[in-house]
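Start by looking over the chain, then read on.

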Amino acid sequence: MAQQSTLPEDIASQPWDPSTWRSKPIKQSPAYPDPSKLTKAAAELSRMPPLVHPNEINALKAHLREVAQGNAFLLQGGDCAELFDYCEQGAIESKIKLLLQMSLVLIWGTNKRVVRIGRMAGQYAKPRSSPTEIVDGKELPSFRGDILNGYHVDEREIDPNRLIKAYHHSAATLNYIRTALASGIADLHRPLDWGLGHVRDPALKEKYQKIASSIQQTLRFLQVINARPGELETVELYTSHEGLLLEYEQPLTRLLEKPTHPGVSRPGTPPSLSPTIKPVAGSEVARKEYYDTSAHFVWIGDRTRQLDHAHVEFFRGIANPIGIKVGPSTPTEDLLALLRTLNPSREPGKITLITRYGAAKVAALLPKHIRAVEDSEYRRCVVWQCDPMHGNTLSTPTGIKTRRFNDIYSELEQSLRIHKEEGSYLGGVHLELTGDAVTECLGGSEGLDEDDLSTNYTSFCDPRLNEKQALELAFLVADHYSR
Ligand code: PEP
Ligand code: MN
């Protein structure tokens, strides 16, 4: 067989449709025991309505352009592995509230608009380093996320019907997010009512309450002068997941009309943030684009970003804003080749580089990655986002997967400093977090130690920050930008 070219310009000139990824080598692909069931599930998915609309997708891309240019900040967070069981009112609300509290702190500190994306309503597929794992002394197929198999030992066989279940759980979660926001959960007149749940640390509580009450005072003043009535009651919250399972993403990818009017004109969206999409005359394809309607934003994981492989092939054809995980195993040359393949027209905000090196490696690796991109034709075109979680995972001597809060804090702090020194802009954070009072990461101001981990360790995948640890990180960023 002829050697395939991996030059970005050659890849970009190849024809594309939502299925061209199937002719490429693929990593992390499951072996389905009954392929006919998979075909049936994919057919069913392809009949389902889109979960999100092109108007929303383009509005997010326009917001991300503002982030890339240094005028806004991106907060993205949620579970490592979302379970179908998390599709429940309390769990969804506590995550929304935490993201809102963090963004309030960030707006106050950075003086910039905050763009919010949940790792929610579809974060069901997990890459695994090994096809099997030992559970209670028994070797079992690895848990690959609720979209493929179950965590329970009796549910480890891959079941294509789970793809349909994933769609319905995404839809129900997204519906509740939309309902909660439309009903005023984000009403800025009530930030103290969002509660600080499990946060008992008086210093952190006081810090947050100071910000919240000063916002309330400002709002009272705005009300008195009748400024922009109705614009402070809601916010936008977009959804995202790793676009790992292409058998799921493909049937939800649709050729849809490009919005010809400014994106979602939600309260509070100023005209400058609206996408300027020019209607293109001519063929149907010119007026339409392929949108992956499973979420507003999808990303390529650290294990699946090979230039000539299936995931990059799929992602190069969709109009959504996309993320690429970047880590110690990313050669600098690959970074530019990926940008040229996935964003040949250099749309600002189209690509978010989600960097995750680990606290011990970030100082050696991040500066050259920044220079490669910012000294190229992609200057101020990408969103730089720090994921201080995935390079800092470790196992305790008793085999519990955890992360030290100090390592997470340190990678974020170093990233902020390095971007500043390089004349670049760290525009976002990507965190694994939950609104519940879990004890999965060590340290933080509660000083959780190894013995405390068993108190409330509920993650089925990576350890998440609890509410208090997450807020502390928001204060770190806020303090950095308010200096
Ligand atoms: C994740 O975000 O949960 C993940 C698996 O990350 P990465 O691809 O960076 O390892
Ligand atoms: Mn993870």
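## Cysteines

Cys 461 is buried, with a relative accessible area of 9%. Buried means under 20% relative accessible area, exposed means over 50%, and partly exposed lies in between (1.4 Å probe, protein chains only). This is a predicted model, in which local features need pLDDT of at least 70, side-chain atom pairs count only at pLDDT 80 or more, and totals for chains, interfaces and linings use all residues. Residues are numbered from 1 along each chain as its sequence is written, chains are lettered from A and ligands numbered from 1 in the order in which they are written, and side-chain values use heavy atoms, leaving out hydrogens and water.

How many disulfides does a search of the whole structure find? It finds zero. A disulfide here is a pair of cysteine sulfur atoms within 2.5 Å. For Cys 461, the closest cysteine sulfur is in Cys 80, 3.6 Å away, which is too far for a bond. For Cys 441, the closest is also in Cys 80, but at 11 Å, again too far for a bond. Cys 441 is buried, with a relative accessible area of 0%.

Glu 432 and Asp 462 link distant parts of the chain, 30 residues apart. Glu 432 is in strand S14 (residues 426–432). Asp 462 is in the loop between S14 and helix H13 (467–482). Helices (H or I, at least four residues) and strands (E, at least two) are DSSP runs, numbered from the N terminus. Both Glu 432 and Asp 462 are buried.

## A buried lysine

Lys 325 is found in strand S9 (residues 322–326). Is Lys 325 buried or exposed? At 5% relative accessibility, Lys 325 counts as buried. Its contacts (heavy atoms within 4.5 Å) include Asp 302, Asp 387, His 390 and His 430, not counting residues up to four places away in sequence.

## Nonpolar cores

A nonpolar core is a set of buried Ala, Val, Leu, Ile, Met, Phe, Trp, Tyr and Cys residues joined through side-chain atoms within 4.5 Å. The largest core has 82 residues. Ile 96, Met 102, Leu 342, Leu 353, Leu 412 and Leu 465 touch the most other members. Helix H4 (residues 89–110) gives the largest share of this core, nine residues. Another core, of 26 residues, lies apart from it, with Met 48, Val 52, Leu 148 and Tyr 167 among them.

Leu 465 touches Glu 432 and Cys 441, among others, not counting residues up to four places away in sequence. Its partners also include Met 389, Phe 405 and Leu 473.

## Aromatic rings

The structure holds nine aromatic pairs. Rings of Phe, Tyr and Trp (its six-membered ring) pair if their centres lie within 6.5 Å; planes under 30 degrees apart count as stacked, over 60 as edge-to-face and the rest as tilted. Trp 16 and Tyr 290 form an edge-to-face pair, 5.2 Å centre to centre with 65° between the planes. This pair links distant parts of the chain, 274 residues apart. Trp 16 is in the loop between helix H1 (8–12) and helix H2 (35–47), and Tyr 290 is in strand S7 (residues 288–292). Trp 16 is buried at 17% relative accessible area, while Tyr 290 is partly exposed at 24%.

Trp 16 also pairs with Phe 314: the centres are 6.4 Å apart and the planes at 50°, so the pair is tilted. Phe 314 is in helix H9 (residues 310–315), 298 residues from Trp 16. Phe 314 is buried, with a relative accessible area of 1%. Trp 16, Tyr 290, Phe 314 and Phe 315 form one aromatic cluster.
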